[in-house]
Amino acid sequence: MRRLADATIKKLLPVLLLIGLLAGAGVASAAHGDAKPEKKGILLVAFGTSVAGADVAYQNIEKKVKEAFPGVELRWAYSSMIIRHKLAAEKNAEEHDSPAEALAKMMDEGFTDVVVQPLQTIPGQEFNATAETARAFSGMPKGMKRVVVGMPLLSTTSDLERTAGVLTAMTPKERAAGEAVIFVGHGTHHPANVYYPGLQYYLQKKDKLAFVGTVEGSPTLKDVLAELAQNKVKKAYLVPLLAVAGDHVHNDIAGDGPDSWKSSLTRAGITSVSVLKGTGESDAVVAIWVDHIKAAMEQLGAAQ
Ligand code: CO
């Protein structure tokens, strides 16, 4: 009986040793955290706003993203330092992370695969700064495996066509024949400003009295006033082409100051109606950003 047991042990010894080695290796690897379980996340990056109530646009975007990606954890970052500091100084301040802070926190929480979705209209300076920050976190040692950046609202030709269709449908219902609608975006000295005249082209295919203007780029207010005069427009709707109805909307577009779009139109003999809503409040516009998150998610999947 004893001899038999010895023989069995001798025969099994290499197997037992192997099991022991594997178990040891397993413990060692788990202890060093090499085999991290996959954890996907989405980071939404907005410029940020300090205008009370303007964040309804962000809340709507969050709702739509959560519906589209149930079970995927969502984080937010504001890319504007001025806005973050301004908000932090307020009473009952809510904390807002910069994109780098949010990504560092996600890294620490064990996220392995992250889609960063900037909520910009065009791939300009703000978008590219966020994209560069995000890419720096991709494949960082002991950090996230992959970080993929989703495209802004206007990225491909089909985005321009789709957005033109959505914006045309967003025109206020009370608009009558001969009345214009002006979509006012931010505008920039960055080469990506070309997306605004690009969008104008697709808008004009659908609506001859739909114009794109920008606060800081081209087409300028002067350009738009010239178009309105040429088309003998007497009334126009001013609709923001900005994610939130923040400072630019309330002051530069719809403000009572002499330089606002509203005041300039009045001086030109044109009655205007200002819409105080950001594009983030439109489900049809948000659906475009959501599709860009989906495309980035597919890229994450394809890289695995
Ligand atoms: Co600005």
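Modeller: Here the lining of the largest pocket takes at least three residues from domain 1 (37-153 + 283-303) and at least three from domain 2 (157-280), with bounds from an automatic or database domain assignment. The model is predicted: local features need pLDDT of at least 70 and side-chain atom pairs pLDDT 80 or more, while totals for chains, interfaces and linings use all residues. Residues are numbered from 1 along each chain as its sequence is written, and side-chain values use heavy atoms, without hydrogens and water.

Colleague: What is the volume of the largest pocket?

Modeller: A pocket is an open set of points, on a 1 Å grid over the protein atoms alone, where a 1.4 Å probe fits, with protein on both sides within 12 Å along at least five of seven lines; lining residues have an atom within 4 Å of a point. The largest pocket has about 810 Å³. Its lining comprises 34 residues, with Phe47, Glu126, His186, Leu242 and His248 closest to the centre.

Colleague: Which elements give two or more residues to that lining?

Modeller: They are helices H3 (81-89), H5 (125-137) and H9 (247-253); H3 gives the most, four residues. By class, the lining of the largest pocket holds 16 nonpolar, 14 polar and four charged residues.

Colleague: Which residues lie nearest the centre of the second largest pocket?

Modeller: Of its 21 lining residues, Asp55, Tyr78, Leu87, Glu94 and His96 do. Helix H2 (56-68) and strand E2 (73-78) each give two or more residues to this lining, and the pocket's volume is about 450 Å³.

Definitions and conventions:
Grid points are joined across faces, edges and corners, and a volume is the space filled by probe spheres set on the points. Ala, Val, Leu, Ile, Met, Phe, Trp, Tyr, Cys and Pro count as nonpolar, Asp, Glu, Lys and Arg as charged, and the others, Gly among them, as polar.
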